[in-house]
Amino acid sequence: MEYKMLFSPFKIGNVELKNRIVMSPMLMGFGQFNGNATEKMMDYYEERAKGGTGLIITEITRVDDLTGASSFGQLAVSKDRNIASVSELAGRIHKHGAKLFVQLHHPGRQNVSLMMNTVPISVLCDKIMPKNSYSRLLYGTIVPLGKKLVEKDLFFKTVSPSKCQKSKFAQSKNRALSKSEIHKIVAEFGDAALRVKQAGCDGVELHASHGYLIQQFLSPETNQRTDEYGGNLENRMRFLFEIIDDVRAKCGNDFPLVVRLTVDEMYDRIGESGRGYGLSEGVKMAKLLEKKGIDAIDVSSGCYDTFNYWLEPTSFECGWRKNLAEEIKKAVDIPVIAANLIRTPEQAEKQLRYGIQDLVSLGRPHIADPHWSNKAYEHRENEIKRCICCLYCFESMMNGAYVGDNGHCSVNPFVGREGQTLCENGGGRNVVIVGAGAAGLTAAELLAKRKFSVTVLEMEKLAGGQLNLADKPPHKEKMRWCAEDLATNAEKAGAQIIYGVTATKQVIDSFSPEIVIIAAGAQAIMPKVFEAENCVTVTQILDGSVQAENKRVCVVGSGMTGLETAELLCENGNSVFVIEMADEIAPGAWFQQLDDIIPKLKSRKTKFYTCSKLVEINKNGIITENTKTGERIERECDLVVLSLGVHPNNLLYEEIKNYYPQVYNIGDCAKAGRIHDAVESAYQTVISIK
């Protein structure tokens, strides 16, 4: 397909972009206490500029250190001290023909109260204490203690247009801003924009989306003020309008100003119609913003209360919210930017041609593959590593934010390592890799790039390993992308994949390898005590070797594999209940995954029983024991499906580990985990090989 529109120049204000591809703002945690860009952050953004992106919009960039800091590792333009580092970042982006806008942000009530008023103290302590000693103190002592205080609502309150309910994710108490505080924050946005301009960047974007402070003023859900900042739509937009006026007064009308706007809060999607505002009011906002004189609208949706409707899990269909951008584009004559869960160049080109939007915003796709644009431009679309919407980037960023780590990606082990290069010293040495799952394929690609001669032996007829099970539940087709893309890139790098071969020592010997890597995956646990005619594992359901229709089925174990298998069983007409030993369903699972799947299971009348330990399977069903009371309960079912985890397939490794100069065990074969764990295991092994 020709991508004539995608790679045509386009203007936002007086700034011309070389193409219509925009990198969305995404916080990854590469910054430091004082808000200056680190080398790691600059490498990360520059790699995307090298990759051909037309416009890069930075992560949420703070304008206020006291109430507006969202992360200890966040970029900032809140002080003049930040200008130099942002200027250096802009220079590195411009070197590759890309433009740089900075997204100005204040979290409002969606902040974590632990961040309130702590940044100035952190900046000072980090400056006067020995190198890294404050970081160790912060992440090792202060944060754990602070979290306990936050849980008891004993920390500072976050700020909001008016006092309202806690944000679902942040769970911090909030208070209303005074008028003087509102005026101060307005001026901070304007001052921050001026610093961006002084740093040589190309424009700014105001974050009026996803339930952050500006959008909190827009929404009647969070703005219940009775003064000139609340009530009717014009009043609720006053805060945003004053910010726009202040930016224009300080930066001039020729400095591009974009607003990222939630045009539909999506409360109806979670069964709470009547809360917040919908698309019709979002269209009115867009028209008023155009009249105000902004240069473009970046269309988005949702807030933290409706998290999955702006940061989608795997199950969401590509382009599912394109109607939002389409309606805004009909209503205004300024450029419309939109994400719309776009994953392929073909989809991007079609949405441009159909007039749905003017520019294509790619967030997570740029994390998964920083060279998405160049690969599309050079018609190497099949080499793009597509984002599978697994949410690990956001989950890992949030989990790492309070331990000093950054966000990671399931399919791209170089996130945060963009400044590192692979040593090409393989010299044609033979490597045999057993298993073409995520770990084996990643190792194959990286070793081939290091100039080793790589052969992958796979017993099945297609690549993927455990991914070939992960794509079987409803709406999980994107998991297949992962296997396809890893295999394509491994072969492109020079690795040979041989299918339908069961690896044995004799087979491996025939390749005369110096290095052998076992990536044979894992298999579902089936305790002997539960072996019965009416008991199977999730693998047998997912691979289709056991068919279940119109039966009463018990799924034992409520991890995500168990829940997704339960959804597949429901779709096939079965009546399902799930038992879990822990006090809650899916303990440790990321909340967005549960928000996605639990309502679907409940709509199918799936029942859940916690604190329930499986003690016996009989011909009539199961017997469970309550882990708190010891009470035993018999539950009838026709089929029991065990989702009790997996154990490594490491027999071959144990057999051959002493027969070759270097033998490694990676991925699930070494330790069961997620896609990221398998890919990271492969990366660490590859860079350790001399």
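Angles under 35 degrees count as roughly parallel, over 145 as roughly antiparallel, 65 to 115 as roughly perpendicular and the rest as oblique. Good morning; with that convention in place, I shall present selected parts of the structure. It is a predicted model, in which local features need pLDDT of at least 70 and side-chain atom pairs count only at pLDDT 80 or more, while totals for chains, interfaces and linings use all residues. Residues are numbered from 1 along each chain as its sequence is written, and side-chain values use heavy atoms, with hydrogens and water left out.

Let me begin with two helix pairs. Helices (H or I, at least four residues) and strands (E, at least two) are DSSP runs, numbered from the N terminus. Axes are lines fitted to C-alpha atoms, for helices over the stretch in contact, and angles run from 0 to 180 degrees between N-to-C directions.

How are helix 15 and helix 17 oriented to each other? Helix 15, residues 438-449, packs against helix 17, residues 478-493, at an angle of about 25°, and their axes lie 8 Å apart. The two helices are therefore roughly parallel to each other. Their crossing is left-handed; that word applies if the near helix is turned anticlockwise from the far one by less than a right angle, and right-handed applies if clockwise. Contact means heavy atoms within 4.5 Å. The residues that meet include Leu-441 and Ala-448 in helix 15, and Leu-486 and Ala-490 in helix 17. By class, this contact divides into 9 nonpolar, 2 polar and 2 charged residues. Here Ala, Val, Leu, Ile, Met, Phe, Trp, Tyr, Cys and Pro count as nonpolar, Asp, Glu, Lys and Arg as charged, and the others, Gly among them, as polar.

The second pair is helix 9, residues 279-292, and helix 10, residues 322-331, which pack at an angle of about 40° with their axes 9 Å apart. Helix 9 and helix 10 are therefore oblique to each other, and the crossing is right-handed. Among the residues making the contact are Val-283 and Ala-286 of helix 9 and Leu-324 and Ile-328 of helix 10. This contact has 6 nonpolar, 2 polar and 3 charged residues.

I now turn to the sheets. Two strands pair if DSSP finds at least two bridges between them.

Is strand 21 enclosed or open? Of the 5 residues of strand 21 (residues 575-579), 4 are buried, so the strand is largely enclosed by the rest of the structure. Buried means under 20% relative accessible area, exposed over 50%, and partly exposed in between (1.4 Å probe, protein chains only).

Another open sheet has 3 strands in the order 23-24-25, with antiparallel pairing. Its edge strands are strand 23 (612-618) and strand 25 (632-636). Strand 23 pairs with strand 24 (residues 621-626) over 6 bridges, and Lys-613 has Glu-625 as its bridge partner.
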